[in-house]
Amino acid sequence: MAAAKRLISRLTLVTGGGSGIGRAVCQRFASEGASVVVADISEESANETLGSLQSDLKGQGHMATVVDVSSKESVTKLVTSIQTCYFQPPSVCVNAAGITQDNFLLSMTEEQFDKVIQINLKGSFLVTQAVAQALVSCGASRGSIISVGSIVGKVGNIGQVNYSSSKAGVEGLTRTAAKELSRFGIRCNCILPGFISTPMTDKVPEKVITKMKSLIPMGRMGEPAEVADVCAFLASDDSRYITGASIEVSGGLFIG
Ligand SMILES: NC(=O)c1ccc[n+]([C@@H]2O[C@H](COP(=O)([O-])OP(=O)(O)OC[C@H]3O[C@@H](n4cnc5c(N)ncnc54)[C@H](O)[C@@H]3O)[C@@H](O)[C@H]2O)c1
C-alpha cells in the first residue's frame, strides 16, 4: 500500500517489469498514481504484471510491451512506441531487467560472461541512453533514471564473476550518467539490493540461502516491495537533490 501519491501524471518505464523486483516497482508506481510501461523480454510475464496494476486515477494508463534490453534496435523501438502512444518520453525509468549465469571463474565460458554483461550492463546503458536522448530532445524539465545494481558489485561473490562485474559496471555507468545529465535536469541513481526473494533467488540452493541469511544483520531476505519503496523515493521529487548515489537495500548485508 503506497503511503503517498507522489507520481501522479508521471509516465514511467520499468524494464524487467514482468517479475520480481521490476514487477513490485510497477505495482508501487501505479499505486502512487503513475502511468506504467511494463517492458520485459517475456510477453506473458509483462501482461501478468499489467493485469495486477491499479488504475484508479483519471488519465492513468498502463501498457505492457516486449523488449530485449541487450538489443539497440529493440530499445529504440520501445522508446519510439512509448512516444507514439503517450506523446512524450518516460520521465522515470527503472532498469530492472537482469539475469544470472553462475559459474566459478576457472570454468566460466566466454558466452556466460558475455551474456550477463550484455543484458545487465549493456542493457542498462542502451535504455539509459535512449530515454535520456528522448528527454533531452523534447526539452523535458526533469527525469529520474534508476538502475538496479547489486551489493555484489561492491564486494564480489563466489560463482558470480560475470554478474558482479556487470553490477559494478552499472554503478560506474550511473555515476557518469549523473555527471553528464544533471545539466538537463535528469538524475541518475542506483539501488543495490542484497538478497531479495524473487524467481532469481529461487534458483539458489537452500544451503546457500541459509548461509546468506546468517550473514544478514536483519536476519532475513528482503521482499521485492522493500526495493520498490526505495525506487519510488528515487523516482519522486522527494529525492530531488540526490544524483549519482547508490542506495543499499540489503538488511545490512556486507556493511563491514
Ligand atoms: N533478487 C535479488 O536478490 C537481487 C539482488 C541484487 C540485484 N538484483 C537485480 O534486480 C533486478 C531484478 O531481479 P529479480 O530478482 O527481480 O529477477 P527476476 O528474474 O525475477 O526478474 C528479472 C526480469 O528481467 C527480465 N529479463 C531478462 N532478460 C531480459 C532482457 N534481455 N530484456 C528485457 N527483460 C529481460 C526477465 O524476463 C524477468 O522478468 C536484476 O537486475 C537483478 O540483477 C536482484
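**Exercises: helix packing and a ligand shell**

The model is predicted, with local features needing pLDDT of at least 70, side-chain atom pairs counting only at pLDDT 80 or more, and totals for chains, interfaces and linings using all residues. Residues are numbered from 1 along each chain as its sequence is written.

**Exercise 1.** Work out how the axes of H1 and H9 are placed and which residues join these helices.

*Solution.* Helices are DSSP runs (H or I, at least four residues), numbered from the N terminus. Start with the axes, lines fitted to C-alpha atoms over the stretch in contact, with angles from 0 to 180 degrees between N-to-C directions. Those of H1 and H9 (residues 224-235) come within 8 Å and cross at roughly 55°. Next, list contacts (C-beta atoms, placed from the backbone, within 7 Å): among them are Gly20, Ile21 and Ala24 of H1, and Val227, Ala228 and Cys231 of H9.

**Exercise 2.** Now find what surrounds the ligand.

*Solution.* Count residues whose C-beta atom, placed from the backbone, lies within 6 Å: there are 30, and the closest are Gly16, Ser19, Gly20, Gly98 and Thr198. Then look for elements giving two or more residues to this shell: H1 (20-31), H4 and H7 (199-202). Finally, sort by class (Ala, Val, Leu, Ile, Met, Phe, Trp, Tyr, Cys and Pro nonpolar; Asp, Glu, Lys and Arg charged; the others, Gly among them, polar). The shell has 14 nonpolar, 14 polar and two charged residues.

Conventions:
Contact = placed C-beta atoms within 7 Å.
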